[in-house]
Every structure is written in structure tokens, then in C-alpha cells.
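This briefing concerns pairs of oppositely charged side chains. Please keep the sequence and the structure in view while reading.

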Amino acid sequence: MPTLHDKGYKKLFSNKVFFRQLLESFVPEPWVQDIDFETCERLDKSFITDHYKETESDLIYKVKFKQQEAYIYVLLEFQSSVVWFMALRVLHYLCSFWLDYAESRPPVKKLPPIFPIVLYSGNKRWTAATELQNLLAHPDLLKAYTPDFRYFKIAENEYPQERLLQIQNLVSTLFLAETYPHDMELLKSQVLALFEDKTDKEAASLFLNWFIQLVVYNKRELSDYQTLETIYHDKLEARTMLEHAMDKERQRSFLLGKTEGLEAGIVQGVRQGITQGITQGITQGITQGIVQGKAETLMRLLEIRFGQLTENQQARLYQLNPDELNQLLFKLFQTKIDSLADFWQEIDRH
């Protein structure tokens with residue numbers, strides 16, 4: 001089943017701005033400058049007949065340059081392992097497309113040119129041959145009757161960080177996020193820079209939504225796919241959304257860490273009780289670990305929202321029982337507590 005990553009990539013490069021930047025920034029062929037990108041169109045499934053079957057990971061654009069019709073085929077390769085016979089696979093796709101083209105247009109006597117691109121986003125180095133000849137055991141034996149075919153490779157992990165920062169457009173920022181994901185502050189600044197006046201807001205918003213889902217939240221469920229459609233109209237709106245998402249993820253990570261600490265406290269309590277050989281010790285150890293973990297979680301959430309607690313205030317939290325802590329955590333998440341004063345009033349009611 002395709003993941004959000006696969007479908008998200010196809011959504012990105014179905015946008016004409018992404019498609020144009022991919023060719024202009026990463027395909028150093030002189031004819032690229034002659035393409036009329038304003039009139040290019042992506043083929044949908046209504047064109048497809050018996051031979052060519054569109055997948056979740058490829059795109060075909062019809063373009064014009066020098067008044068001639070041509071096609072750009074983009075295969076989005078996500079697999080972590082390199083497909084050794086990729087040249088054969090791409091040639092098969094192109095031949096299938098040409099068969100459909102010929103059969104759907106009986107009067108034509110010539111087939112249009114197709115430029116094949118393999119866009120690789122995996123972590124391993126791309127080692128597969130880009131030329132069909134390099135896959136043949138004896139390429140010179142029947143050379144005159146063997147197809148002379150190659151595809152154009154774009155491997156994201158082959159571009160140094162400095163080069164991607166120098167290009168600084170939607171596609172280079174995408175490559176940067178995929179290849180160098182650990183410097184989140186750098187990525188944040190690069191993503192927000194896309195919302196300058198000169199950048200297409202729909203395309204920039206599409207990327208921001210992809211970035212939040214895959215890089216910030218690390219979610220790949222298809223249920224999140226529709227969130228890619230939200231559009232942000234300026235840099236301030238984009239910054240607000242991105243910072244909110246990053247803060248939310250930081251809180252989630254914090255709570256996850258506290259949950260792990262709570263579990264460790266329970267385990268420690270159980271071990272202490274077993275060591276003492278007393279059942280009462282086990283029960284007390286578990287209860288103490290639960291109370292301490294929940295109290296510390298509640299304390300950190302309060303400090304995130306309202307500032308540092310005093311020692312006396314911290315001590316009050318440790319005196320609460322597990323049920324009281326659960327209720328207060330629930331209400332805090334439901335934003336029913338808007339200040340520390342409200343919080344202590346809630347404790348007094350208990």
C-alpha cells in the first residue's frame with residue numbers, strides 16, 4: 001500500500017512549479033530552457049489504455065519546445081534498496097507508453113520523444129546502471145540490433161548541502177529535508193524563505209504541509225493526506241503554522257519521555273518490592289512510581305504553560321493521589337485551566 005510519502009511526492013511533482021524547478025535546477029540539458037512551461041500538462045488516467053499502467057510513483061508531462069511536442073517521464077523511486085535493472089524497467093514503461101500512443105492515434109506515423117528521469121530519494125548510494133548497454137552480457141555482439149537507451153538519474157543524496165542551499169527553491173529544499181533532516185532550525189529557515197513574494201504560494205504551501213507531516217510529525221498514514229491541501233497566504237501565516245506544529249511535536253516527545261520514565265518508575269518499584277520479598281513493598285513501589293511520574297509530567301506541563309513552579313508548589317503536586325493527577329492532566333489538555341490560579345483552585349476543590 002502506498003504511504004503518505006509516496007503519494008505526497010507525487011502530489012508535489014504534479015504541481016507545475018515543482019516540475020519546472022526540477023528540470024531547470026537539476027537537469028543540465030540545453031533544451032530545458034526552450035520548454036514552454038506555461039502550456040505543459042500532466043497526463044491523467046484518461047489517456048491510459050491497455051499497455052501503459054500508471055503507478056503511484058510516476059508522472060508523465062506533455063511539453064512543447066521549439067514548437068514540437070515531447071514528453072517528460074518522471075519515475076519517483078523511494079525504495080531503500082537500489083533496483084539494479086532500472087534501465088530495463090524504465091525502457092519497458094516508455095515502450096508501453098509508445099504502444100498506447102500509436103494505438104490511440106491511428107493516423108500517426110512518428111512517435112514523440114520522451115525524456116526519462118529517475119528521481120531517487122533513498123539513503124543508499126545509487127549504483128545501478130543508467131544505460132541499458134551496461135546490463136547486457138555481450139553488448140557488442142548484436143550491437144546494431146540492441147536498443148541504445150539511457151535514463152537521466154537524479155539522486156537526492158548526491159547533492160552536497162552547500163549546493164542545495166545555493167539553489168534555494170522548492171525542490172532543493174525538498175532534497176535538503178530528505179538528505180539532511182537533523183538540523184531542524186536550518187530547515188525551518190529554508191522552508192519559511194519559500195514564502196517570499198516571488199514564490200508561488202500554492203506550491204510553497206503544498207511543500208510546507210508535506211514538510212510538517214513527514215519531517216516534523218513523521219506521519220505516513222494515508223488518513224493525513226488531505227492536510228496537504230491547506231494554503232498559507234504569507235510568510236507570517238506559514239511561520240505560525242510551522243512553529244505551532246514544532247511546539248506540538250516537542251510536547252508530544254516530552255510526554256513520551258515522561259511516559260517512559262513512568263514505566264521505568266513502575267519497574268523500579270516492582271524490583272524494589274521483589275528484593276524486599278514483601279508484597280506490600282511491591283504495591284507501594286508501583287504506586288509511588290505512578291504518583292511520582294504523573295506528578296512530574298503535570299509539573300513540566302504547568303511550567304511550559306505558566307512558568308517555573310516554587311518548591312512548595314511542587315511539593316503540593318507530589319501529595320496528590322493518582323486519580324487526582326489524572327483528572328488534572330485531562331483538564332489541562334482540554335485547556336479548561338488558563339492560569340496557575342485556576343489550577344490551584346481546582347486542587348482546592350478536590
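A salt bridge is a side-chain nitrogen of Lys or Arg within 4 Å of a carboxyl oxygen of Asp or Glu. Side chains of opposite charge can pair when their charged atoms come close. The model discussed here is predicted, and it holds 7 salt bridges. Three of these pairs are described below.

**Glu38 and Arg20**
- Glu38 pairs with Arg20 in a salt bridge whose closest N and O atoms are 3.7 Å apart.
- Because Glu38 lies in the loop between helix H2 (16-26) and strand E1 (41-42) and Arg20 lies in helix H2, the pair ties together parts that are 18 residues apart in sequence.
- Glu38 counts as exposed, at 62% relative accessibility, whereas Arg20 counts as partly exposed, at 32%.

**Arg89 and Glu77**
- A salt bridge joins the side chains of Arg89 and Glu77, at 3.4 Å from N to O.
- This pair links distant parts of the chain, 12 residues apart: Arg89 belongs to helix H3 (residues 86-104) and Glu77 to strand E3 (residues 68-77).
- Glu77 has a relative accessible area of 2%, so it is buried; Arg89, with 22%, is partly exposed.

**Glu158 and Lys153**
- The side chains of Glu158 and Lys153 form a salt bridge, with 3.0 Å from N to O.
- Glu158 is partly exposed, with a relative accessible area of 41%, and Lys153 also counts as partly exposed, at 25% relative accessibility.

Key: Residues numbered from 1 in each chain as written. Predicted model: local features only at pLDDT ≥ 70, side-chain atom pairs only at ≥ 80, totals over all residues. Heavy atoms only, no water. Helix = DSSP H or I, 4+ residues; strand = E, 2+ residues; numbered from the N terminus. Buried < 20%, exposed > 50% of the residue type's maximum accessible area, 1.4 Å probe, protein only.
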